[in-house]
Structure formats: structure tokens, C-alpha cells
Amino acid sequence: MENQLLKANAVVPAYDRQRLVPRIVHLGFGAFHRAHQSVYADILATEHGSDWGYCEVNLIGGEQQIADLKAQDNLYTVAEMSADAWTARVVGVAKRALHAGVDGLEAVLAAMCEPQVAIVSLTITEKGYCHSPATGQLMLDHPFIAADLQNPQQPKSAAGVIVEALARRKAKGLAAFTVMSCDNMPENGHVTRNVICAYARAVNAELADWIDANVTFPSTMVDRIVPAVTADTLDKIEQLTGVRDPAGVACEPFRQWVIEDNFVAGRPEWEKAGAELVADVVPFEEMKLRMLNGSHSFLAYLGYLAGYQHINECMEDDNYRRAAHALMLQEQAPTLKVKGVDLAHYADLLIARYSNPALRHRTWQIAMDGSQKLPQRMLDSVRWHRVHQHAFDLLALGVAGWMRYVGGVDEQGNAIEVSDPLLAVIQQAVAGSAEGEARVNALLGIEAIFGTELPKDATFVEQVTRAYQALLANGAKATVAQYAAKF
Ligand SMILES: NC(=O)c1ccc[n+]([C@@H]2O[C@H](COP(=O)([O-])OP(=O)(O)OC[C@H]3O[C@@H](n4cnc5c(N)ncnc54)[C@H](O)[C@@H]3O)[C@@H](O)[C@H]2O)c1
């Protein structure tokens with residue numbers, strides 16, 4: 001397989017892969033990491049002689065991705081797709097690949113304890129942090145965390161694995177590593193620090209002090225739309241490159257990475273591959289979470305309900321496009337602290353990116369795990385509008401769209417496959433309430449999503465209820481048209 005991929009009709013590694021040193025252990029070898037952080041490292045190796053390589057790890061799920069990677073000497077294809085052209089590169093920066101369930105946890109911990117490891121990075125999805133999205137704090141009663149605290153030397157959660165690796169490094173007299181989250185969460189570095197330090201403190205106070213003093217948790221803002229891989233994606237990549245690659249991934253041409261420059265044991269020169277190294281990532285993160293991810297979630301719920309399977313189909317509907325653009329500029333942009341960015345241009349660029357017909361980004365995929373996403377994508381902005389006495393009709397419609405979606409039945413009466421770590425709690429709220437206002441109130445009662453204050457805010461409750469009733473009475477397309485007409 002190696003030879004085949006090296007002969008693919010693609011940019012293939014022109015650098016000496018033997019020289020690469022696995023200084024980064026990455027947890028979460030999913031679609032996004034393959035098309036984002038690894039591509040930056042591949043560009044650095046190709047164009048700047050960098051020897052920073054990866055040890056790729058999956059802890060939970062993704063057995064097949066690791067097996068596929070191993071089977072082809074850790075090479076895989078990334079295809080960039082725009083409306084009129086696809087290009088491909090074969091990425092060669094993975095030195096090793098491990099799955100905790102297949103290769104064993106000890107192999108993963110040993111890789112994290114190799115002296116040269118400088119960074120442990122993560123794309124484990126928001127739910128992988130086992131925290132409450134409403135508060136950002138570790139949930140000590142989360143089943144993974146509770147089990148790991150009983151048996152900290154045999155952890156399953158990402159926090160448990162990182163803390164055990166750090167404990168072993170400390171015991172061996174090795175230096176600590178930087179822990180860098182690349183997941184879509186506000187202040188992802190702070191969340192990661194909270195989670196790791198709270199877990200470590202529950203295991204051993206002295207270890208927690210050592211981690212506090214020796215580990216940094218830089219925040220990052222990551223951006224590149226990488227839809228889940230389908231058989232169709234793999235067929236298209238094969239047509240392009242001439243090689244069937246089960247580990248292949250396709251993405252948009254755009255990529256962005258803003259990184260807080262705070263590393264304890266060195267880092268690659270990511271800036272040479274186009275990343276921005278800054279002192280404070282938070283304003284950029286907020287911009288992306290609210291304008292991009294917030295409008296994505298809005299389109300995902302209301303688009304799915306209207307029968308639009310992909311984001312680009314939503315963009316072909318004038319009302320959805322206008323509503324998404326207005327949400328970005330009228331209701332998200334005013335809440336932001338970012339300076340020196342032309343937000344109108346940013347919004348136009350987002351609409352153009354969403355319209356890319358080659359992307360096929362499923363509304364269902366973006367709709368997943370809403371309980372983990374709504375707080376940072378919509379509810380923080382709602383709180384800002386309540387303080388500043390501004391209108392927030394589209395945000396209210398987005399929240400109502402989520403409520404209608406998690407009701408589990410679409411507008412044609414078909415079941416919706418709702419996927420969410422809080423599904424049991426959501427289903428309990430849905431089953432225990434009558435359709436309409438009572439359903440809205442029951443869902444607003446989920447504290448892990450809405451906190452304690454918003455459900456008491458009469459204006460918020462009234463606006464979400466009104467939008468929800470409109471969705472029930474008129475359906476998503478007509479309701480989005482009605483709301484979009486105001487802009
Ligand atoms: N796909 C995108 O366009 C995109 C864009 C920006 C940011 N992101 C971020 O990357 C994350 C991953 O996205 P993806 O597209 O790679 O998804 P994916 O489904 O392809 O991969 C998910 C990864 O998370 C791991 N994982 C899942 N649950 C876990 C848990 N409880 N503990 C540890 N690991 C766990 C899996 O092993 C897998 O490697 C997103 O949740 C988001 O935060 C994605």
C-alpha cells in the first residue's frame with residue numbers, strides 16, 4: 001500500500017520520513033485532525049525541513065481508522081475540494097498509530113512517556129472532555145471519570161490518560177508536555193486545564209500541584225470544514241488519485257489555525273505553514289464559534305427539519321442564506337470582542353464556503369451533540385443580548401429549531417436519529433411534556449445546557465416559545481422565510 005500511495009496522482013511526501021520524530025502524541029485521529037493539524041505538519045516537513053512527527057492515537061472508537069493507517073505505513077490522502085477542482089496530498093507525518101483498545105492502554109501510555117514527547121494534542125469532540133458545557137467544569141460523576149477515579153492507573157477517559165501519563169513522567173523525572181485542545185469549545189485551553197487539573201486533584205494533590213506548575217494548556221481556534229467521510233468521498237478520492245485509500249479524507253481548501261503561543265517543551269514553527277501564533281486566542285475563538293459554528297447549528301436544525309440534507313442545499317434557499325447571514329452579522333458579530341477583523345467580509349466568506357457544492361456537509365452531522373454545542377454557539381450570545389437589550393430573534397429561532405429537532409420526529413412524521421451524550425435526559429424531558437409550550441419549558445429545564453438564569457428570563461422564554469410554536473404551526477421553511485423577511 002505504501003508504494004501505491006507514494007505513486008498516487010497527488011503531492012506525495014518529498015521529505016525523508018525516517019527523520020521525523022514523534023514529538024506530538026495526538027488523541028483523536030478523526031477526520032478533522034487528518035485534514036487540519038497533520039496538514040500543517042506535512043507542509044512544515046515538505047517546505048521547511050521540520051522533523052516534527054505524530055504518534056496518532058484513538059482512545060474510544062475509531063478502531064478502523066487506526067487499522068487502516070497502520071496497514072498503509074501511516075500514509076493517507078487529504079483531498080481539497082472546491083466546486084471546480086479537487087487536489088490531493090498524501091500526508092506522511094504520522095510515525096506511529098495506536099488504539100488503546102487494540103494495542104493496549106500501556107502502549108499508549110508508553111508512547112506518551114517517551115522523553116521527546118513535547119505536546120499532547122486533542123480532537124476528541126466536545127463530549128470527550130466529560131465536562132458540563134454550561135459551566136466548563138469536569139463532571140466528577142461522569143461514568144468515565146467516576147470509573148477512572150476508582151482505578152487511575154487504568155484510565156479510559158482522555159483526562160485520565162493524560163494525567164496518568166503525566167504522573168509516570170513525573171515519577172521518572174521526565175519533563176512535562178504541553179496539552180493542546182483543538183476541539184471547538186470556547187477557551188478550549190481553559191476548559192482542558194480545568195478538566196485535567198480537577199481530575200488530577202481528585203487523584204493526588206501533589207501531582208495536581210506539579211501539573212499546575214509544569215503543564216501549559218494553550219487555547220486554539222481551528223477552522224476547516226471536514227465532512228464525515230462516506231463511501232462516495234472515498235470513490236471520488238480514488239478517481240482523483242488512482243489509489244483506493246480507506247483512511248482518506250476530503251475537506252474544503254480553506255484552513256485557519258490561531259494558537260496561543262504558550263508551550264513548555266517547544267513547538268513546530270506552525271507560523272511558517274500559515275498559522276497565527278498570538279497571545280490571546282479567545283476573541284478569535286469566540287468569533288468562529290458564534291459566527292461559523294452558531295450559524296452552522298442554526299442551519300443544521302432548521303435545514304434538517306426542512307428536508308435539506310446538506311449545508312450547501314440550505315444555501316440554495318434564499319431565505320436560509322439570508323437568515324444565516326443576518327444571524328452572523330446582526331446577532332453574533334455585535335457580541336464579539338475581536339479587533340482588526342472585517343466581520344462583514346468574514347460573513348461573506350462563510351456563506352461562500354457553505355455554498356461549496358463539493359463539500360456535502362450533512363446537516364445531521366452538525367446537528368449531533370447539540371447539548372454540548374448550544375451554550376457556546378448560541379446561548380452566550382443570547383445572554384449578551386439580554387444584558388444589552390438587543391433583539392435576538394434568529395438565536396431564539398435556532399434554539400427552538402434544536403428543540404423541535406430533539407423532539408425526535410421530523411415534519412413528515414419520520415423519526416429523527418438524535419445523537420447526543422445527554423440523550424437520556426433530553427428524551428425524558430420530551431416524553432414527560434405535552435407538545436408546545438410545556439415541551440419548551442421541559443427542555444429549558446436541562447441545567448447542563450441552559451444553566452439556571454436563562455430559563456427564568458421571561459423575554460428569552462417567550463421568544464423561544466413563539467419561534468417553537470411557529471415551527472409547529474408552519475414548518476421550518478415558512479418560519480425561516482418569515483424571520484428572514486425582517487432583514
Ligand atoms: N469536522 C470539522 O469540520 C471540524 C472543524 C473544526 C473543529 N472540529 C473539532 O474536531 C472534533 C472532531 O471532529 P471530527 O470531524 O474529527 O470527528 P470524527 O468523528 O471523525 O472523530 C472523532 C474523534 O474523537 C474521538 N472520540 C470520540 N469520543 C471520544 C471520547 N469520549 N474520548 C476520547 N476520544 C473520543 C474518536 O476516537 C475520533 O478520533 C469536533 O468535535 C470539533 O470539536 C471539527
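1. Start with helix 12, residues 282-306. The helix has 25 residues, and at 1.5 Å a residue it should span 36 Å. Its end C-alpha atoms are 34 Å apart, which agrees with that expectation. Bear in mind throughout that this is a predicted model.

2. A kink of about 30 degrees is centred on Asn-293. Just after the helix comes Gly-307, with a positive phi of about 95 degrees.

3. Is helix 12 enclosed or open? Of its 25 residues, 24 are buried, so the rest of the structure largely encloses it. A residue counts as buried when its relative accessible area is under 20%.

4. Now turn to helix 22, residues 458-484. What separates its ends? The helix has 27 residues, yet its end C-alpha atoms are only 24 Å apart. A straight helix would reach 39 Å at 1.5 Å a residue, and helix 22 falls short of that. A kink of about 120 degrees sits in this helix, centred on Gly-475.

5. A side-chain oxygen of Asp-457 comes within 3.0 Å of the backbone nitrogen of Thr-459.

6. Next, the ligand. How many residues surround the ligand? The count is 20, and the closest are Phe-32, Asn-58, Ile-60, Asp-183 and Asn-184. By class, the shell holds eight nonpolar, eight polar and four charged residues.

7. Backbone atoms of the protein come up to oxygen atoms of the ligand. For Ile-60, a backbone N or O atom lies 2.7 Å from a ligand oxygen. For Ala-31, a polar backbone atom is 2.9 Å from an oxygen of the ligand. For Phe-29, the separation between a backbone N or O atom and a ligand oxygen is 3.2 Å. Taken alone, the ligand exposes 830 Å², and the protein buries 81% of that.

8. Most residues other than glycine have a negative phi. Asp-73 has a positive phi, near 50 degrees, and is not a glycine. Asp-369 also has a positive phi, about 55 degrees, without being a glycine.

9. Where do these aspartates sit? Asp-73 is in the loop between helix 4 and strand 3, the latter being residues 76-81. Asp-369 is in the loop between helix 16 (363-367) and helix 17 (370-388). Is each one buried or partly exposed? Asp-73 has 34% relative accessibility and counts as partly exposed. Asp-369, at 5%, counts as buried.

10. Helix 4 itself covers residues 63-71, and Glu-63 is found in it. Glu-63 is partly exposed, at a relative accessible area of 41%.

11. With 12% relative accessibility, Tyr-15 counts as buried. From Tyr-15 to Phe-487 there are 472 residues along the chain, and their C-alpha atoms are separated by 52 Å.

12. Ala-147 belongs to helix 7, residues 143-150. Its relative accessibility is 43%, so Ala-147 counts as partly exposed. Ser-157 is 10 residues away from Ala-147 along the chain, with 9.1 Å between the two C-alpha atoms.

13. Last, Lys-236. This residue lies in helix 11, residues 231-241. Lys-236 is partly exposed, with a relative accessible area of 33%. Between the C-alpha atoms of Lys-236 and Ile-119 there are 34 Å, and the pair is 117 residues apart along the chain.

Key. Residues numbered from 1 in each chain as written. Predicted model: local features only at pLDDT ≥ 70, side-chain atom pairs only at ≥ 80, totals over all residues. Heavy atoms only, no water. Helix = DSSP H or I, 4+ residues; strand = E, 2+ residues; numbered from the N terminus. Expected span 1.5 Å × (residues − 1). Bend = angle between axes of the 7 residues up to and from the residue. Buried < 20%, exposed > 50% of the residue type's maximum accessible area, 1.4 Å probe, protein only. Near = heavy atom within 4 Å. Polar contact = N/O pair within 3.5 Å; in protein donor to acceptor, adjacent residues only side chain to side chain. Areas by Shrake-Rupley, 256 points an atom, 1.4 Å probe, with all protein chains shown as cover. Nonpolar A, V, L, I, M, F, W, Y, C, P; charged D, E, K, R; others polar.
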